[in-house]
Amino acid sequence: MIVGLIVNPVAGLGGAVALKGSDGPDIQARALALGAVPRAAERAAAALRALRARRPDVLVRTVAGPMGEDSARAAGVPYRVAHRPAATSASTGAASTGAASTGAASTGAADTRAAVAALGDVDLLLFAGGDGTARDVLDAAPRPPVLGVPAGVKVYSGCFALSPAAAGATVAGFDGRTVDAEVVDLDEEGHRAGLVGARLYGTLRVPAARDRLSGRKTGSSAAPPGSAESIARAVVAGMRPGTAYALGPGATTLAVGRALGLALTPLGVDVVRDGALLAPDVTEQRLHAIAMSQVTHGVLSVIGGQGFVIGRGNQQFSPRVLAALAGVVVLATQQKLAALGGRPLLVDSGDPRADAAFEGHVRVVTGHRESVLYRISSASEELS
C-alpha cells in the first residue's frame with residue numbers, strides 16, 4: 001500500500017494563543033512569538049503509527065523536511081521523499097501553509113499544491129492541517145482519494161477523520177470505495193471579529209467510512225428561538241459565588257454572557273466570576289494560570305453536526321488545563337443532540353490519556369431545568 005503524506009507544519013499554531021486561526025505569515029509569526037508550539041507534525045506521525053500497526057506493508061511517499069518527511073521518520077514508517085519544496089516561497093492568498101519559521105525552510109500554499117501534484121500516483125493521499133490546507137489540496141485537483149488528519153484551529157470541513165488515530169485506521173482499511181466530502185472555510189479576519197460564516201469551496205473524494213469522518217460542521221439555525229437563552233439561564237442559575245467559569249466559543253456560551261449582562265469575545269474563551277468578566281479572550285497559558293490559582297469550571301458547547309466538545313476551535317482547553325479544572329459543563333440544544341443520530345460527543349485534546357478521562361457519560365444542559373445524560377468518547381477510540 002502506497003500512501004502520500006503532506007503536512008502543513010504551521011497548522012493550528014493560532015489556537016492555544018487565542019488567535020482563532022493560523023492563516024498568513026503575520027499571524028503565524030505572532031503565534032510563535034506568543035509561545036505557540038507546532039503540533040501538526042506529531043499529529044501526522046500519530047496517524048502513520050496507527051496506519052502501520054494495521055498495515056505493516058505500507059510505504060509512504062512524502063515531502064522533504066517538515067512537510068512530511070519529519071513525521072514519517074518520527075513514526076518509524078518506510079518512506080521515500082517524492083517532492084522537495086522550494087527553499088523559499090510566499091503565499092499571498094488566504095490559504096493554509098503561509099510562510100513562517102518553524103525551524104526549517106518556510107513553506108507556502110504553492111508548496112502544498114505542488115506536493116499534491118507530485119504525489120498523484122499514490123493509493124491515497126493523507127494531509128495534516130485544517131480547513132485552509134484542505135482548500136489548498138482541493139485547488140490542486142488531486143488524482144487519488146484524500147483524507148485529512150485534523151491539525152488546524154478550525155476543522156469544519158467534512159474531509160477530515162475524527163482524529164489522527166482514526167485517520168490511520170481509515171487508511172489501513174481503505175477498500176477503494178469513496179464518497180464526496182465538502183470543503184468549507186471561514187474568512188479568518190472576519191472570524192477574529194466574530195463574524196462566523198462558512199463558505200463551501202467544493203468537494204474531495206474520501207474513503208467511504210462515515211463512522212470515522214468528522215462530517216461538516218452545521219450551525220444552530222434550526223434551534224427554536226429562545227433555546228440558547230433557556231440554556232443560559234440554567235447555567236447562570238448554577239454558578240457558585242467565588243468560582244471562576246471559563247466560557248468556550250459558541251452561540252450558546254455567548255447567550256450565557258448576555259444573561260450575565262456581559263459582552264463576551266466571539267469565538268474566544270472568556271473567564272467570568274461573580275457575574276463579572278475576570279479575564280477576556282484568554283490564551284491557554286493564561287487559562288492554566290487561572291485554573292491553578294482558583295476553582296475554575298469549563299463551560300463548553302457542542303459543535304453542530306460533528307459532536308466535538310474539546311479540540312475544535314477551543315485549543316485553550318489543553319490537556320493540562322483540563323486536568324486543572326474543577327469540572328466541565330456541556331451545553332447543547334435538544335435539536336443539536338438529536339441531529340447526531342446517537343453518535344457520541346467527542347474529545348480530541350491531543351493527549352489520549354486526557355481524552356480517556358472523559359469517556360462514559362456527561363450531563364448536557366439542554367434548557368432551563370432540563371438536562372440529559374449523553375455518551376462522550378475519545379475521538380481516538382477505535383470505531384466499528
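Guide: In strand S11, both faces are covered. On one side stand Thr296, Gly298 and Leu300, and on the other His297, Val299 and Ser301, every one of them buried. This arrangement can be read against a general rule. The model examined here is a predicted one. Strand S11 covers residues 296–301, and because six of its six residues are buried, the strand is largely enclosed by the rest of the structure. The word "buried" here stands for a relative accessible area under 20%.

The strands that pair with S11 come next. Strand S8, made up of residues 244–247, pairs with S11 in the parallel sense, and four bridges connect the two. Within this pairing, Ala244 has Thr296 of S11 as its bridge partner. Strand S13, residues 327–331, also runs parallel to S11, and five bridges join them. Here Ser301 finds its bridge partner in Leu331 of S13.

The protein chain contains 13 helices and 16 strands. It has 384 residues, of which 57% count as buried. Among contacts in the protein chain with a separation of 6 or more, 66% come from residues 24 or more positions apart. The accessible surface of the protein chain is about 15000 Å², and carbon and sulfur atoms account for 52% of this surface.

Methods:
Residues numbered from 1 in each chain as written. Predicted model: local features only at pLDDT ≥ 70, side-chain atom pairs only at ≥ 80, totals over all residues. Heavy atoms only, no water. Buried < 20%, exposed > 50% of the residue type's maximum accessible area, 1.4 Å probe, protein only. Contact = heavy atoms within 4.5 Å. Areas by Shrake-Rupley, 256 points an atom, 1.4 Å probe, with all protein chains shown as cover. Pairing = 2+ DSSP bridges.
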